[in-house]
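Visitor: I would like to learn how to read a model feature by feature. Could you take me through one?

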Amino acid sequence: MQASRKLGADAKMGGQIREQVAVLRDTEQKINRRLNESFGTKLSGWGAELDPGNLTLRFQKEGVLFDQGSPVPSAEFKRILKEMFPTYIGILHDFKDDLEEVRIEGHT
């Protein structure tokens, strides 16, 4: 009797976990879709790409982010950020109840 109760509880928990994962994947797809709708055509011009697997927005264009040897963002990168960042934050804000963290990193 106890074994069947445990199996039932495990099955219920497994179903709940699968449901949570499905909700998280759906939210991830919605965020990805919104980011692509907003930035899709601009990404290549910015030298950036969006990784749909982890929603990482990565700038990779050589010499755009920082001038060589300088910790200060370049004028071009400041312009890109001024154009991009309010929309980016706005999209994330729409999903604030679903996000655990937002990480912004920079390396020079």
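This is a predicted model: local features need pLDDT of at least 70, side-chain atom pairs count only at pLDDT 80 or more; totals for chains, interfaces and linings use all residues.

Visitor: What span should helix 3 have, and how far apart are its end C-alpha atoms?
Guide: Helices are DSSP runs of H or I with at least four residues, strands are runs of E with at least two, and both are numbered from the N terminus. The expected span is 1.5 Å times one less than the number of residues. Helix 3 covers residues 75-94, so its 20 residues should span 28 Å. Its end C-alpha atoms are 29 Å apart, which agrees.

Visitor: Where does helix 3 kink?
Guide: A bend is the angle between axes fitted to the seven residues ending at a residue and the seven starting there. In helix 3 a kink of about 35° lies at Met84, shortly before the proline Pro86.

Visitor: Which residues of helix 3 are buried?
Guide: Buried means under 20% relative accessible area, exposed means over 50%, and partly exposed is in between (1.4 Å probe, protein chains only). In helix 3 the buried set is Phe77, Ile80, Met84, Tyr88, Ile91 and Leu92.

Visitor: How many aromatic pairs are there?
Guide: A pair of aromatic rings is described by the distance of the centres and the angle of the planes. Rings of Phe, Tyr and Trp (its six-membered ring) pair if their centres lie within 6.5 Å; planes under 30 degrees apart are stacked, over 60 edge-to-face, and the rest tilted. The count here is 4 aromatic pairs. One of them is Trp46 with Phe59, a tilted pair at 6.5 Å centre to centre and 35° between the planes. Trp46 lies in helix 2 (residues 43-46) and Phe59 in strand 2 (residues 56-59), so the pair ties together parts 13 residues apart in sequence. Trp46 is buried at 4% relative accessible area, and Phe59 is buried at 15%.
Guide: Phe85 and Tyr88 also form a tilted pair, with centres 6.3 Å apart and planes at 35°. These two are 3 residues apart in helix 3, so about one helical turn separates them. Phe85 is partly exposed at 34%, whereas Tyr88 is buried at 11%. Ring pairs also link Phe39, Trp46, Phe59 and Phe77 into a cluster.

Visitor: Which residues lie nearest the centre of the largest pocket?
Guide: On a 1 Å grid over the protein atoms alone, a pocket is an open set of points with protein on both sides within 12 Å along at least five of seven lines, and lining residues have an atom within 4 Å of a point. The largest pocket is lined by 32 residues, with Leu55, Thr56, Leu57, Tyr88 and Arg103 nearest its centre. Helix 1 (2-39), strand 2 and helix 3 each supply at least two residues of that lining.

Visitor: Where is Leu55, and is it buried or exposed?
Guide: Leu55 sits in the loop between strand 1 (48-51) and strand 2. Leu55 is buried, at 18% relative accessible area. Its phi is near 60°, a positive value in a residue other than glycine.

Visitor: How far apart are the C-alpha atoms of Gly45 and Lys61?
Guide: They are separated by 9.1 Å, though 16 residues apart along the chain. Gly45 is in helix 2 and is partly exposed at 44%.

Conventions:
Residues are numbered from 1 along each chain as its sequence is written. Side-chain values use heavy atoms; hydrogens and water are left out. On a 1 Å grid over the protein atoms alone, a cavity is a set of points where a 1.4 Å probe fits but cannot get out, and a pocket is an open set with protein on both sides within 12 Å along at least five of seven lines; lining residues have an atom within 4 Å of a point.
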